[in-house]
Amino acid sequence: MAAALGVLPYRHVLTLPNEPAAVRLARETAQQALTEWGIGLHRTVVDAALLMLSELVTNSVRHAAEMSPQITVMYAASGSRLALAVHDRHPYQPPLPRADTSTGGLGTVMELTRQHGGTAAVHGDAEGKTIWINLPL
């Protein structure tokens with residue numbers, strides 16, 4: 001999926017301390033990048049993507065901060081697609097829940113992903129894990 005990010009003309013990578021303020025900073029940076037790329041913030045799918053981003057960063061702060069003092073947030077877009085990802089160095093790769101069996105956190109992310117016709121994936125390696133979300137615009 002990282003290769004797919006390379007085909008999207010707009011890309012931004014942000015490394016943040018893995019602490020609660022990262023949630024706000026990741027969201028504000030995403031809003032700024034989307035605005036600069038000409039993607040309207042008042043679209044339903046963009047609202048959902050920003051909420052998903054907040055949930056993913058919050059999960060990293062809550063569950064990975066001890067093993068991952070920093071997180072990397074990636075955004076990419078084209079006229080028809082939006083991708084976002086959150087990477088931390090914690091080795092645990094959570095299963096992506098079915099949207100109808102889980103509430104909060106990844107359950108919310110999966111429900112919003114499905115509602116908007118997107119896809120989600122977890123990729124792990126010796127460097128930790130990355131959770132990817134791809135959405136049609």
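A cavity, as searched for on a 1 Å grid over the protein atoms alone, is a set of points where a 1.4 Å probe fits but cannot get out. Grid points are joined across faces, edges and corners, and a volume is the space filled by probe spheres set on the points. By these criteria, a search of the whole structure finds one cavity of 30 Å³ or more.

**Basis of the model**

The structure is a predicted model, in which local features need pLDDT of at least 70 and side-chain atom pairs count only at pLDDT 80 or more, while totals for chains, interfaces and linings use all residues. Residues are numbered from 1 along each chain as its sequence is written, and side-chain values use heavy atoms, with hydrogens and water left out.

The pLDDT is the predictor's confidence in each residue, from 0 to 100. For the protein chain it averages 90, and 92% of the residues score at least 70. Confidence is lowest in helix H1 (residues 2-6), where the mean is 53, and highest in H2, where it is 97. Helices (H or I, at least four residues) and strands (E, at least two) are DSSP runs, numbered from the N terminus.

**Helix H2**

The expected span of a helix is 1.5 Å times one less than its number of residues. The 16 residues of H2 (residues 21-36) should therefore span 22 Å, and the end C-alpha atoms are 23 Å apart, which agrees. Residues are called buried under 20% relative accessible area, exposed over 50%, and partly exposed in between (1.4 Å probe, protein chains only). The buried residues of H2 are Ala22, Ala26, Thr29, Ala30, Ala33 and Leu34. They cover an arc of only 130 degrees around the axis, which puts them on the same side of H2; the arc is that of the directions from the helix axis to the C-beta atoms. Their cover includes strand E1 (10-17), helix H3 (44-64), strand E2 (70-77) and strand E3 (81-88), where contact means heavy atoms within 4.5 Å.

Glu28 also lies in H2, but it counts as partly exposed, with a relative accessibility of 38%. Its C-alpha atom is 9.1 Å from that of Leu50, a residue 22 positions away in sequence. H2 is followed by Gly38, which has a positive phi, near 80 degrees.

**Cavity and pocket**

The cavity is lined by Ala30, Ala33, Leu34, Trp37, Val46, Ala49, Leu50, Leu53, Tyr75, Leu82, Ala83 and Leu84. Ala30, Ala33 and Leu34 are also among the buried residues of H2.

A pocket, in contrast, is an open set of points with protein on both sides within 12 Å along at least five of seven lines; for pockets and cavities, lining residues have an atom within 4 Å of a point. The largest pocket is lined by 13 residues, of which Asn59, Ser60, His63, Pro94 and Lys129 are the closest to its centre. The table sets out the two spaces.

| Space | Volume | Elements supplying at least two lining residues each | Largest contribution |
|---|---|---|---|
| Largest cavity | about 80 Å³ | H2, H3 and E3 | H3, four residues |
| Largest pocket | about 250 Å³ | H3, E3 and strand E5 (128-136) | H3, five residues |

In helix H4 (residues 105-115), the buried residues are Gly105, Leu106, Gly107, Val109, Met110, Leu112 and Thr113. They pack against H3, strand E4 (119-125) and E5. Val109 counts as buried because its relative accessibility is 1%. Not counting residues up to four places away in sequence, Val109 touches Met52, Glu55, Leu56 and Ile133. Just after H4, Gly117 has a positive phi of about 70 degrees.

Arg98 is placed in the loop between E3 and H4. It counts as exposed because its relative accessibility is 52%. Its C-alpha atom is separated by 9.8 Å from that of Thr108, ten residues apart along the chain.

**Gln70 in strand E2**

Gln70 belongs to strand E2 and is partly exposed, with a relative accessible area of 49%. Leaving aside neighbours within four places in sequence, Gln70 is in contact with Thr15, Leu16, Pro17, Asn18 and Asp88. Gln70 and Glu19 are 51 residues apart along the chain, and their C-alpha atoms are separated by 8.3 Å.
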